[in-house]
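Reader: I'm new to reading protein models and would like a close look at one part of this one. Could you walk me through how its strands pair up, and then show me what sits around them?

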Amino acid sequence: MLLAQLGAYVEFTIADALQFHNNSGQSITPLHDANGALAYWIVDSARVGSTAELLSTPRPEHESAAGTCLVPYLGARYVNRLTDAQDLRRLVLDAFMGRCAIKPQGSEVRPGIWIDKGVHLHKTARLVAPVYVGHHSTIERSVLLTRFSNLERHCRVGEGSVVSHTSVLPHTLIGKGLDISSAMVNGSNLVDFRRNLTLDICDRTLIAQSAFRAWRVPTHRRRQEEPDRKHPQTDVEYSQYLARAAGRLLEAFKGEA
Amino acid sequence: MTTGKSVIVKQFPCGFNDYERFLHELEPYLEHDRPFLVFDFGEVTYIDSAGVDLLLSCMEAAIKNNGDLKLASVSSSVQVMLEMTRVDRLFEIFDNCTDAIESFHSFSARAIRQIESLAAYKQLKH
């Protein structure tokens, strides 16, 4: 039985690990890398004495609950602990560069450019390899999506924006005319890797979570999170409305000026 | 992904005086359906605004006909100019023409010159 705690991304050969486990003669074999435990265990359920022993997490000093020393398996090919945004970004880069087994989904429409199904790509947008565009994402006019950027599912990049060395997580809207570089964007959160800071941007004309994702949040919870928000329209629509209104006013008062 | 494409490699001119001649020579290729071009910067040590403009014009023409333009053997001084003008992000840049030609047929992340990418990667590690 393989027991894994959600967290680290680990690639290893199961047959090799099982062989090691059998040879070691221990009931539980933890997986480790050079930096320590990976929260993956190979458990021989037939040889585990009790449920308590099975459920007790082996200690970092390689000891089982019974106090016996556990020999860890150290044969993982690739390990990413995914503890923060930087780790996730590194996983994306490693996937593009073939350092791990993850392959971009969708079809490789040109060498190094992967596009998944249902993508709306404007003909004037430029994609510079390697990039990935997830399913049902929209890339508007004159967008530049370049070098090791990945746009996950149901995202939208507004007209004229540049996305470079950036991971855009699912259901994220990126506004018009922006230049996002060396970052990770998740809804209204932006992690800037160069400056090592995280921003929560409230202006929905810049970055925001898509309506689809918001729809999945239970209504009562949404009300709690946004008590002052009375109108469901996004600020993008509001600002466009204002611009149109200002234009009409100018026309109306032109004669009087 | 492997495809059969004919790729045109052209030596990028060293100075402003040659730009017009270069563009004139290139025009027949740019008018082709799907022009796949590589500009060899092996002998170029400096690029001015007209050169950048020429690059952009060629890229625009290539894209218009469903082709692409890639750069090869870009010196560090030219690379700096391209980065300053942020034009570098528009192109795939390779260490040599062979890698650039190969990139039209199959993707190899290792072949891409990754000055900025590797810097970003190292930055992530620390």
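Author: Let's start where strand 16 (residues 172-174) of chain A meets strand 20 of chain A: three bridges join them, and they run antiparallel. Keep in mind as you look that this is a predicted model. To find your place along the pair, go to A:Thr172, which stands opposite A:Gln209 in strand 20 of chain A.

As background, strands of a sheet pair through backbone hydrogen bonds, either parallel or antiparallel.

A:Arg156 has a relative accessible area of 37%, so it counts as partly exposed.

Next, follow chain A through a couple of hairpins. Strand 17 (residues 179-186) and strand 18 (residues 189-192) of chain A run antiparallel and are joined by four bridges. Here A:Ala183 stands opposite A:Asp192 in strand 18 of chain A. Two residues lie between the strands of this hairpin, and A:Gly187 takes a positive phi near 60°. Strand 18 of chain A also pairs with strand 19 (residues 197-200) of chain A, again antiparallel and over four bridges. A:Asn189 is the one facing A:Asp200 in strand 19 of chain A. This second hairpin has four residues between its strands, and A:Asn196 in the turn has a positive phi of about 55°.

How about a helix for contrast? In helix 3 of chain A, 11 of the 12 residues are buried, so the helix is largely enclosed by the rest of the structure. Among those buried residues are A:Leu91, A:Val92 and A:Phe96. The side chains of A:Arg90 and A:Asp87 meet in a salt bridge (3.1 Å, N to O). These two are about one helical turn apart, because they sit three residues from each other in helix 3 of chain A. Both A:Arg90 and A:Asp87 are buried. Just after helix 3 of chain A comes A:Gly98, with a positive phi of about 70°.

Last stop: a place where the chains meet. B:Asp68 and A:Arg110 form a salt bridge between their side chains (3.7 Å, N to O). B:Asp68 lies in strand 3 (residues 68-72) of chain B and A:Arg110 in strand 6 (residues 107-110) of chain A, so the pair joins two chains. B:Asp68 counts as buried at 5% relative accessibility, whereas A:Arg110, at 32%, counts as partly exposed. A:Arg126 comes into it too, linked with A:Arg110 and B:Asp68 in a network of salt bridges.

While you're there, find B:Ser103, 11 Å from B:Asp68, C-alpha to C-alpha, and 35 residues away in sequence. B:Ser103 is found in helix 4 (residues 97-103) of chain B. The residues it touches include A:Pro111 and B:Lys70, and its side chain makes a polar contact with that of B:Lys70 (3.1 Å).

Conventions
Residues are numbered from 1 along each chain as its sequence is written. Chains are lettered from A and ligands numbered from 1 in the order in which they are written. This is a predicted model: local features need pLDDT of at least 70, side-chain atom pairs count only at pLDDT 80 or more; totals for chains, interfaces and linings use all residues. Side-chain values use heavy atoms; hydrogens and water are left out. Buried means under 20% relative accessible area, exposed over 50%, partly exposed in between (1.4 Å probe, protein chains only). Two strands pair if DSSP finds at least two bridges between them. Contact means heavy atoms within 4.5 Å. A polar contact is a pair of N or O atoms within 3.5 Å; within protein, one must be able to donate a hydrogen and the other to accept it, and residues adjacent in sequence count only if both atoms are side-chain atoms. A salt bridge is a side-chain nitrogen of Lys or Arg within 4 Å of a carboxyl oxygen of Asp or Glu. Lists of a residue's contacts leave out its neighbours within four places in sequence.
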